[in-house]
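Here are some exercises to work through with the model open on your screen.

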Amino acid sequence: MLEIKNLHASINGKEILKGLNLSVQPGEIHAIMGPNGSGKSTLSSVITGNPAFEVTQGSIIFEGKDLQEMAPEERANEGIFLSFQYPVEIPGVSMVNFMRTAINEQRKYRELPPISATDFLRIMREKKALVEMDNKLTNRSVNEGFSGGEKKRNEIFQMAMLEPKLAILDETDSGLDIDALRIVANGVNKLKSPENATIVITHYQRLLEYIIPDYVHVLYDGKIVKSGGKDLAMELEARGYDWIKQEVAV
Amino acid sequence: MEKQYIDLYKAHHSLIKQHAARVMNESRDASFALFEKMGFPTTKLENYKYTDLKEMLSLDYGLNVRRLDFPVDPYQAFKCDVPGIQSYLYFVVNDAFYPEYNEQNDDLPKEVVICSLKEAAEKHPDLVAKYYGRLSTQKQDGLVAFNGAFAQDGFFMYVPKNVQLDRPVQLVNIMRADVDFMANAHNLIILEEGAKAQLLVCDHTVDDVRFVSNRVTEVFVAENATYEHYKLENTHIKTTNLSTLLIEQQASSNVLGNVITLHNGLTRNSIEIALNGENCETELCGMVIADKKQQVDNFTSVLHNMPNCHSNELFKYVLDDVSKGAFTGRLYVAKDAQKTRAYQTNRNILLNRTAKMRTKPQLEIYADDVKCSHGATIGQLDEQAMFYMRTRGIPYEEARLLLMFAFTADVIDNIRIPALADRIKMLVEKRLRGELSKCEGCTICQ
C-alpha cells in the first residue's frame with residue numbers, strides 16, 4: 001500500500017529525514033516511536049504533502065502512485081488522512097460546511113455526484129456517535145474554541161467521515177485525559193478493516209495499549225533504526241530511548 | 001485643478017441657484033468661499049494622505065448645472081444586484097430623483113416622506129430648513145465644501161415620530177452620461193423620536209465614461225430611533241466615488257452603518273457619527289474586496305460626545321493585484337463622556353505582494369473611565385489552515401475561497417436584513433470566485 005524508500009526531506013534547508021524506509025500493507029497498524037526531534041512529525045507532513053517540507057531524495061509510492069507528483073488534496077482524495085498533532089482553528093468556516101465540502105470534493109474526485117442533504121446529515125450523526133462528539137461542536141467553526149480533547153476527537157470524527165485507506169495519527173494521544181484517550185482509540189479501532197492501514201506516531205507507549213500495533217518502528221535522527229513487534233513498545237516504555245541512541249552510536 | 005470649477009461658479013452661480021432648492025442656496029456662497037480657500041484635498045492633508053485624488057479630479061468633467069433631464073429608464077438601465085429584498089425602491093440618476101410612479105411603493109406609510117430634496121424643500125420648508133446643512137456646513141473639508149457649492153438636489157427621507165418602516169428603503173444611485181461627468185448630490189435623512197428605518201444605498205454606473213460622484217448625506221437620528229444604513233458599491237473602474245456620510249445620534253438611539261465595496265474605481269468614504277446623547281448604540285462596519293487598480297479609502301470617525309454610549313467598529317479588506325486600501329478609525333471620547341465603551345477592529349488580507357494596505361487607528365480619549373480598544377492587522381491567508389483543509393481533500397482554490405469568505409463573514413453577520421445578508425453572501429462569493437470582476441449586466445470593466 002505505502003512504500004517509502006530512502007526518503008530524505010528538509011525544512012528551510014535543514015535535513016530532518018535522512019534515508020527513511022517504510023512499507024505498510026493493508027490491514028496493518030504501524031507504530032512509529034522516537035524521541036523528540038527525531039523526525040516523526042516531518043514524516044507525516046511529507047506523506048501528506050505539506051509544502052513547507054522539501055523532499056530531496058527517495059520515493060513515496062502509495063498504491064502504485066508517486067505521491068510526490070500530487071498536491072495534498074489529491075493525496076487526501078486518494079485515501080490518505082492525517083490526524084494533526086495540533087489541529088488548526090479556522091474561524092468563520094463552519095464544521096458542517098467544511099465537512100460537506102470535503103466529502104463532496106472526495107466524491108467529485110471519484111466521479112460521484114454530490115451527497116444529498118439527508119445522507120450527509122445521517123452520516124454526520126452516525127460518525128459523531130462513534131467519537132461521542134457533542135452536537136454543539138459541529139455547529140461551530142472548525143476547531144474554534146475546542147478544548148484539546150475536543151480537537152482530537154474532531155480529527156477522528158473527520159477520519160470517520162472521510163473513510164481513508166491510510167490514516168496517520170500524529171501524536172493523537174498528546175493532551176488527552178484517559179477517558180478521551182479511550183474514546184479516540186475506540187473510534188480508531190472501530191474504523192479498522194482488512195482494507196485500510198494505520199500509522200500511529202507517538203512518543204509514549206500509552207496509546208498503544210488501546211490501539212495494538214502489528215509493527216513498532218523506532219525513528220531516530222531521521223531514520224528508522226529499529227523495528228519489531230508490539231513488545232518493542234513495551235521495552236521502550238521501560239527503558240527509554242537512550243539505549244537505542246547508544247546502539248545507533250556503536 | 002480647482003480653477004475651472006471656481007471660474008464656473010463665478011460665471012454661473014446664479015444659474016446653479018436658479019435650478020436648486022432654495023434652502024441649499026443659503027449656505028452656497030459660504031461653501032464656495034470655503035472651497036475657494038481650501039481647494040480639493042491633497043495628500044499633504046493628514047486626513048487624505050493615503051488617497052491621491054489629484055489625477056482623477058484634474059480631468060475635465062461635464063456638470064449638469066441646468067439640470068436637463070437625462071434620457072434614462074432606470075428600470076431598464078439597472079439590473080438589481082439585490083432582487084427580492086422587498087424594498088421601497090427609489091432611483092436617483094446622477095443627482096436627480098427619478099419621479100416615476102412605482103406601485104412597489106404603495107404601502108409606504110402616508111406620514112413618511114420620500115422624494116427629491118428640492119420637492120421636500122418646497123412642500124416642507126420648515127422641516128428641511130431645520131436640518132439641512134446642520135452637519136455639513138460645520139465641516140472644514142474641501143469635498144464637502146465643493147458639494148455645498150455645486151449640489152443642487154438629492155434624496156430626502158423623513159420618518160416621523162414612532163413610525164417604524166416594515167421594509168427597507170432602497171436607494172439606487174445610477175451614474176449615467178455620454179461624456180465624462182460629475183454629479184454632486186446632497187441627501188437628507190431625518191428620523192424622529194422612536195422612528196425606525198433601514199436604508200440600502202446601491203451605487204451603480206451604466207456608461208463607459210469617467211464619473212465623479214460627490215455625495216454628502218446628512219442623517220439625523222432622534223431619541224430612541226433606530227437607523228440602519230447599508231451602502232453597497234458596485235461601480236466600474238472609471239468611477240471616482242466620493243461620499244461623505246454624517247450621522248448625528250440623540251439619546252438611546254441605535255445606528256448601524258455597513259459599507260460594502262464589491263467593485264469600484266477609486267472610492268473615498270468619509271463617515272462621521274456623532275453620539276450627542278447618552279446610551280447610544282453604534283455599530284459601524286464595512287468590507288472591501290478589491291483587485292486590479294481599485295482603490296478604497298474608508299475614513300471613519302466615531303465621536304463619543306456624551307457618556308454611557310457603546311460603539312463597535314469592524315472593517316475588513318481583501319486586496320489583490322495592485323489594489324490599494326486605506327482605513328482610518330478615529331475614535332474620539334470627550335472629557336465628560338464617561339462609561340464609554342468603544343471598540344475598533346480593522347483586519348486586512350493581502351493576497352499578493354503588490355497590493356497595499358494603509359491602516360491607522362486614531363484614538364483620542366479625554367475621559368478617564370472608559371473601555372476602549374483597537375486592533376489592526378495586515379496579513380496573508382493562514383498557510384496552516386490552507387494545508388489543513390487540503391489534507392481533507394479540499395483543493396487549493398476552494399480552500400482559499402473558503403478562508404476569504406470566512407474572513408468577511410462577520411461583516412455580513414452585521415446585516416440585519418436577512419434577505420440582503422443572503423444576497424450579499426452570494427455576491428461576495430461570486431466576487432471572490434472572480435465571477436464578478438465587473439458588475440452584473442455591465443460590460444465596461446475588463
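**Exercise 1. In strand 18 of chain B, which residue does B:Tyr332 stand opposite? Then work out how strand 16 of chain B is paired on its two sides.**

Step 1. B:Tyr332 stands opposite B:Glu364 in strand 18 of chain B. Strands here are DSSP E runs of at least two residues and helices are H or I runs of at least four, both numbered from the N terminus. Before going on, a word on the ground rules: this is a predicted model, where local features need pLDDT of at least 70 and side-chain atom pairs count only at pLDDT 80 or more, while totals for chains, interfaces and linings use all residues. Residues are numbered from 1 along each chain as its sequence is written, with chains lettered from A and ligands numbered from 1 in the order in which they are written.

Step 2. Strand 16 (residues 324–333) of chain B pairs with strand 18 (residues 356–365) of chain B in the parallel sense, over 10 bridges. Two strands count as paired if DSSP finds at least two bridges between them.

Step 3. Now look at strand 14 (residues 295–304) of chain B, which runs parallel to strand 16 of chain B and is joined to it by 10 bridges. There, B:Val296 stands opposite B:Gly325 of strand 16.

Step 4. How many residues of strand 16 of chain B are buried? It's 9 of the 10, so the strand is largely enclosed by the rest of the structure. Buried means that 20 or more other C-beta atoms lie within 10 Å of the residue's own; 12 or fewer is exposed, in between is partly exposed, and C-beta atoms are placed from the backbone.

**Exercise 2. Show why strand 8 of chain B is largely enclosed, and find its partners.**

Step 1. Count first: 11 of the 11 residues of strand 8 (residues 211–221) of chain B are buried, so the rest of the structure largely encloses it.

Step 2. Check both faces. One side has B:Phe211, B:Ser213, B:Arg215, B:Thr217, B:Val219 and B:Val221, the other B:Val212, B:Asn214, B:Val216, B:Glu218 and B:Phe220, and all are buried.

Step 3. Strand 6 (residues 181–191) of chain B pairs with strand 8 of chain B in the parallel sense over 11 bridges, and B:Ala185 stands opposite B:Arg215. Strand 10 (residues 239–249) of chain B also runs parallel to strand 8 of chain B, with 11 bridges; B:Asn241 is the bridge partner of B:Ser213.

**Exercise 3. Trace the 10-strand open sheet of chain B and find its edges.**

Step 1. The order is 2-1-5-7-9-11-13-15-17-19, with mixed pairing.

Step 2. The edges are strand 2 (96–97) and strand 19 (371–379) of chain B, since each pairs on one side only.

**Exercise 4. Describe how helix 6 of chain A meets helix 4 and helix 7 of chain A.**

Step 1. The axes of helix 4 (residues 117–130) and helix 6 of chain A come within 9 Å and cross at roughly 135°. Axes are lines fitted to C-alpha atoms, for helices over the stretch in contact, with angles from 0 to 180 degrees between N-to-C directions.

Step 2. That makes helix 4 of chain A oblique to helix 6 of chain A. The cut-offs: under 35 degrees is roughly parallel, over 145 roughly antiparallel, 65 to 115 roughly perpendicular, and the rest oblique.

Step 3. A:Ile123, A:Lys127, A:Lys128 and A:Leu130 of helix 4 meet A:Phe157, A:Ala160 and A:Met161 of helix 6; contact means C-beta atoms, placed from the backbone, within 7 Å.

Step 4. Helix 7 (residues 178–191) of chain A comes within 10 Å of helix 6 of chain A, axis to axis, crossing at roughly 10°. That makes helix 6 of chain A roughly parallel to helix 7 of chain A. Among the contact residues are A:Ile156 of helix 6 and A:Val184 of helix 7.

**Exercise 5. Say what each chain puts into the contact between chains A and B.**

Step 1. Chain A gives 21 residues and chain B gives 16.

Step 2. On the chain A side, helix 3 (95–109) is among the elements supplying at least two residues, and helix 3 of chain A has the largest share, 5 residues.

Methods
Two residues are in contact if their C-beta atoms, placed from the backbone, lie within 7 Å.
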